[in-house]
Amino acid sequence: MNKWPILALALRSLANRKLTAGLTLFALAVSMMLVLGVEKVRHEAKASFANTISSTDLIVGARSGSIQLLLYSVFRIGNATNNISWKSYNNIAGRPGVAWTVPLSLGDSHRGFRVIGTTTDYFKHYRYGRKRNLTFSSGKPFDDLFDAVVGWDVANALGYKMGDPMVVSHGLGRQGFKTHKDKPFRIAGVLTKTGTPVDRSVHISLEAIEAIHVDWKSGARVPGLQTSTDRVRQMDLKPRTITAVLVGTDSRFGAFGLMRSINEYPGEPLLAILPGVALQELWGLMGTVELTLSVISLFVVFAGLLGMVTMMLAGLNERRRELAILRSVGARPRHLFALLVSEAAALSIGSAMLGLALLYVALLIAQPILDTQFGLFLEITAPNKRDQLILGLLIGAGILAGTFPAWRACRQALADGLVVRV
Amino acid sequence: MPLPVFRVSGVTYHWRGQGHLTLDIPAFSVESGERLFIHGPSGSGKTTLLNLLAGISKPDSGEMDVLGENISALSNAGRDVFRANHIGLIFQMFNLVPYLSIIENVLLPCRFSTRRRERAMASDGDLYAAATRLLSEVGMNERRHQKQPVAKLSVGQQQRVAAARALIGSPELIIADEPTSSLDATAQDSFLRLLFREVERSNSTLVFVSHDRRLESRFDRVVALSEINHTSEPLDEGGAA
């Protein structure tokens, strides 16, 4: 005899109703996959979000909103409304307590990827995740005026290798018909993958930004002007404006005072923000979306459980004889209760397993898409404690839901007695 | 003088919501090893009596001694355990659980009763042997029968499997409720013969309820329900059962 006679009966009974039980199981599995998936994306998005920048104490830009500044300087989304003068930059860089600065000049693009004008300090001081440095998968920081360092995704998407030429477009259009094709660049380095917007950036020197704009004025090429690259190299390419500055301070506490004084800088309206605070503010904006997703996925699970309960209740009427037979051979009401609850448990556990399998299939499919389209890199890892807890709760909810039809079955069996005349 | 297998005294029962009594049995007993035939028209309280004997229902008053135990004093769970241990039941039709094999159907009482399991083990060494022996005794020994889904069996074959199941673990009391009513005359005859043989072999007592009086000549004792049931009028119990 089987060690778990009731469970064995429950499995046989479910197998006897393959189609309805199978569909119920599938519906429940999809809902469980959704909960796990939403939880995973939420968690990973938040982590990758918070990991975008670290070790930078202040971000300074022209006065606008803190979220806007964060978006264009770190996430490379949107545009700066105004620039900062080189003079102001030098003023900030020269202040006591400032350990390092990385100037950023934005506004150009290369086939849909943002081009960042900066200095080699960028590769030294930019940190992401848990204070991780940028590293080169090949090459080295730009050295020549027309050197470019591309992020991992750029190199991957466009098939760039060291030494390949590339042309920067003016403005941010993907199909920039206004190109700086007279001033081609050469790939000097490719960065390793970081899972941050750095992967989708092209880095050139501030001087190079100036160089490609020598013949341009107010966003258009000045007709007839075409300065040769050799000629450009002779020119004074000291930048006049930049877009934002990343600032590292000697001490974290110094950052507050520095922030206040930069915000009151009389020379021009500047805005200094603490990246951590701005990141939280930005994430807070997405809180509603996050909550909505979670609530929706929970409702889907609720609907799945409702489907299971409906299936079991609908089955009770046609199973009256089966239950009466079981009673006649000695099954007590608690056995029938256990039988129905075991069925719910088997369905829930089966759904959880299938849901988990579906999740991994979905992750495998979605991973490259999310990565290239949204810059969200989902790491595919074994279910962690959190996933296990969620699955446990879902299975528990399934078993709990099963007690209702189980209770009905007992009542019905008691009322029916041994002879069922259907 | 054989001991009574069950003795009913002063039992009354009425369906909830009905003012009058369905059953009123002042005294009635069945002796051990007896083959008893109870007949009565439908609506005379046969099903109610069986529910009382099997411990499904509890009488409003009176004592139901089965195998020396007053089962009307037992709790619901106690009566369930008692039934599982001591009573084998066969119904008119649809006796089998459709998703279990023939063997598994026969072994069902052993899943719920330790006593029946132990008795089956004691008589045949192991449960599977007990089930196959009983199946071969009721003429269902062929392998092709045992592999078949029970739904593919004829009604007569299903009743034989049900008989084997009622007999496994040698319960003291076999209660059969119209077990032959769905069978044709030949099948009825062979079913009765094997039932008698097996009941005798396991020293069980048989209570056989039917409205078909052509069968009664084969039994030790024949009782009309109206003889023992003293309710003033026959009732229609069909809807309530």
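1. In this predicted model, strand β8(A) and strand β11 of chain A (residues 201–205) run antiparallel and are joined by two bridges.

2. On to the nonpolar packing. The largest nonpolar core counts 105 residues, and the ones with the most contacts inside it are L336(A), A164(B), I168(B) and I175(B). Helix α13 of chain A (residues 333–374) gives this core its largest share, eleven residues.

3. L336(A) is worth a click of its own. Leaving aside residues up to four places away in sequence, L336(A) touches L323(A), L326(A), A331(A), A409(A), C410(A) and A413(A).

4. Now chain B as a whole: it has nine helices and nine strands. Its radius of gyration is 18 Å, close to the 18 Å that the globule rule gives for 241 residues, so chain B is as compact as a globular protein of that length. The C-alpha trace of chain B spans about 55 × 40 × 35 Å along its principal axes.

5. Two further figures for chain B may be handy. Of its 241 residues, 44% count as buried. Among contacts in chain B with a separation of 6 or more, 77% come from residues 24 or more positions apart.

Conventions. Residues numbered from 1 in each chain as written. Chains lettered and ligands numbered in written order. Predicted model: local features only at pLDDT ≥ 70, side-chain atom pairs only at ≥ 80, totals over all residues. Pairing = 2+ DSSP bridges. Helix = DSSP H or I, 4+ residues; strand = E, 2+ residues; numbered from the N terminus. Rg over C-alpha atoms; globule rule 2.2 N^0.38 Å. Buried ≥ 20, exposed ≤ 12 C-beta atoms within 10 Å, placed from the backbone. Contact = placed C-beta atoms within 7 Å. Core = buried A, V, L, I, M, F, W, Y, C linked by C-beta atoms within 7 Å.
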